Amino acid sequence: MDVQQFDLVVIGGGPGGYVAAIRGAQAGLKTACVEVEPRLGGTCLRVGCIPSKALLESSERYHEAKAGLAVHGVRVEGVGLDLGAMMARKDDVVQTLTQGIDGLFRKNGVTRLLGHGRLQGAGVVVVRDAAGVEITVKATHVILATGSRVASLKGVAVDGIHVGTSTEALAYDKVPEHLVVIGGGVIGLELGSVWARLGARVTVLEYLPRLLVGMEPELAREAERIFSRQGLAFRLGVKVMGTELLPDGRVSVKLEGEDPVVGDRVLLATGRMPNTEGLGLESVGIETGPRGVVPIDDHFRTSAPGVFAIGDLVRGPMLAHKAEEEGVACVDIIVRGHGHVDYNSIPGVVYTEPEIASVGRTSEELERDGVPYRKGSFAFRGNGRARALGHLEGKAIILAHAETDRVLGVHVIGPRAGDLIAEAAVAMAFGASSEDLAMASHAHPTLAEVLKEAALAVTGKHIHA
Ligand code: NAI
């Protein structure tokens with residue numbers, strides 16, 4: 001049989017891979033995308049960003065109906081939880097979006113290859129389907145976009161039932177009595193919040209003395225206060241030594257020098273690592289670096305000619321939108337010789353209630369690098385719209401260079417922070433000063449005025465505080 005030849009084969013159909021494939025086809029490359037899962041979209045669409053946001057929304061509605069409507073003069077009685085319906089809605093959201101990518105592939109003429117892809121020497125990709133049948137295709141260019149998987153933790157035996165990852169925590173069939181979360185990062189807070197709202201007791205065990213490592217420390221402290229009030233129990237500075245399944249079906253999580261914590265479900269959320277197993281990197285001489293990261297140059301080129309890597313496989317934050325930007329830039333480089341990702345203005349969002357969002361550098365990083373900066377902050381309780389919404393918690397912080405006034409970082413915890421951060425990301429991409437932000441008219445009454453006031457506060461000119 002003839003071996004099919006493609007200009008571009010993308011291995012992995014997540015946000016990095018599927019976007020790269022579409023861009024490749026749009027640019028006139030004969031493109032195939034290899035994905036082992038029947039549904040396209042990767043971790044993000046199938047078992048990550050999208051289903052977690054569906055559950056965050058539903059659990060927040062439930063929580064509000066139960067405890068948050070009386071203040072608005074809305075009386076509701078007999079509020080109940082139908083977990084099955086909540087999960088079915090989530091599955092429906094995922095199904096619609098993943099099918100949407102199939103549609104985009106058809107529209108743009110991307111060939112879908114269903115199976116596990118691996119490199120087999122220069123320019124050769126082998127695709128093995130679920131039945132073990134292999135096909136071989138040839139590719140002038142290969143983009144590796146296989147994403148990441150949950151990193152294991154010594155002594156913690158993931159069985160997918162009692163001890164699981166975010167995948168299982170997105171589909172528990174009943175509300176846990178006591179959910180023990182290992183890791184006070186993004187997943188721990190998002191999924192811890194979901195199950196706390198649905199009635200579980202939730203304990204978060206974090207190795208470091210703070211939550212959300214890497215984010216602005218003031219926001220992390222504020223998050224700890226807010227989520228503690230919401231009922232999440234935090235144990236900071238504890239070292240998890242392992243888990244043990246007890247005869248009654250519960251799990252004991254052992255801690256160094258302290259009593260174990262016992263729960264009926266354990267969620268392991270201590271980070272993820274690049275997915276390179278079985279990818280055939282050795283066949284083209286690619287060696288992974290520290291923590292399994294695939295080394296690349298500024299043009300996403302690996303050490304093997306014609307082989308590129310993007311997204312969670314490579315350096316930088318493991319974020320869907322970062323992978324998408326890299327997918328587009330990588331194809332642009334292949335086609336036109338140049339492409340660009342502005343790594344200074346990639347926002348990060350934690351979709352809790354309230355949300356937490358950041359773009360640019362933190363005060364910790366600026367101090368470490370000796371960059372002089374001024375800080376302006378403004379609390380949501382001074383904002384008219386926040387008051388009308390009844391969401392008064394949180395604040396926005398703007399860090400600007402002390403001499404040039406250029407915005408270096410924006411950090412927000414508060415209602416719709418994830419949407420508000422877009423303005424800050426655009427401002428930073430354009431090299432705006434805090435004065436630029438402060439002088440731009442913001443509609444009243446909107447939550448976005450918090451950013452304008454924080455920008456005014458950089459020079460002590462805020463009006464409403
Ligand atoms: P993470 O890196 O956000 O947090 C892991 C936490 O576990 C850290 O605070 C770390 O100090 C702690 N930890 C590590 N070892 C520990 C131990 N032995 N005992 C107790 N704590 C320990 O990782 P997470 O939450 O698993 O998320 C994985 C990746 O997925 C992240 O890169 C994140 O960016 C991404 N993600 C992004 C989301 C978003 O953008 N909204 C949502 C979910 C995940």
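Predicted model: local features only at pLDDT ≥ 70, side-chain atom pairs only at ≥ 80, totals over all residues.
## Domain organisation

The chain is divided into three parts: domain 1 comprises 4-150 + 273-341, domain 2 spans 163-270, and domain 3 covers 345-457. Between the C-alpha centres of domain 1 and domain 2 the distance is 27 Å.

## Interface between domain 1 and domain 2

Contact between these two domains involves 17 residues of domain 1 and 17 residues of domain 2. The size of an interface is often given as the accessible area lost when the parts come together. For domain 1 and domain 2 the buried area is about 1,300 Å², and carbon and sulfur atoms account for 72% of it. On the side of domain 1, the residues that lose the most area to domain 2 are Leu 56, Leu 83 and Val 150, which together give 33% of what that side buries.

Polar interactions also occur across this boundary: 5 residue pairs are in polar contact, with both residues at pLDDT 80 or more, and the count of salt bridges is 2. Elsewhere in the list of charged pairs, the side chains of Lys 53 and Glu 190 form a salt bridge with an N to O distance of 3.1 Å. Helix H3 (49-67) and helix H4 (83-108) each provide at least two residues of the domain 1 side that touches domain 2. The largest share of that side, 9 residues, comes from H3.

## The three-stranded sheet

An open sheet of 3 strands is arranged in the order S12-S13-S14, with antiparallel pairing. Strand S12 (240-245) and strand S14 (258-263) each have a single partner strand and stand at the edges, so one side of each lacks a neighbour in the sheet. From one strand to the next, the twist averages 20 degrees.

S12 and strand S13 (residues 251-255) run antiparallel and are joined by 5 bridges. Thr 243 is placed opposite Val 253 in S13.

## Backbone features

Most residues other than glycine have a negative phi, and most peptide bonds are trans. Against this background, Glu 353 and Pro 354 are joined by a cis peptide bond with omega of about 0 degrees. Pro 354 is located in the loop between strand S18 (348-350) and strand S19 (355-360). Another cis peptide bond, also with omega of about 0 degrees, links His 444 and Pro 445; Pro 445 belongs to the loop between helix H12 (434-439) and helix H13 (449-457).

Asp 405, a residue other than glycine, has a positive phi near 70 degrees. Asp 405 lies in the loop that separates strand S21 (395-401) from strand S22 (407-414).

Technical notes:
Residues numbered from 1 in each chain as written. Heavy atoms only, no water. Pairing = 2+ DSSP bridges. Helix = DSSP H or I, 4+ residues; strand = E, 2+ residues; numbered from the N terminus. Axes fitted to C-alpha atoms, helices over the stretch in contact; angles between N-to-C directions. Domains from an automatic or database assignment. Contact = heavy atoms within 4.5 Å. Buried area = accessible area lost by both parts, 1.4 Å probe. Salt bridge = Lys/Arg side-chain N within 4 Å of Asp/Glu carboxyl O. Polar contact = N/O pair within 3.5 Å; in protein donor to acceptor, adjacent residues only side chain to side chain.
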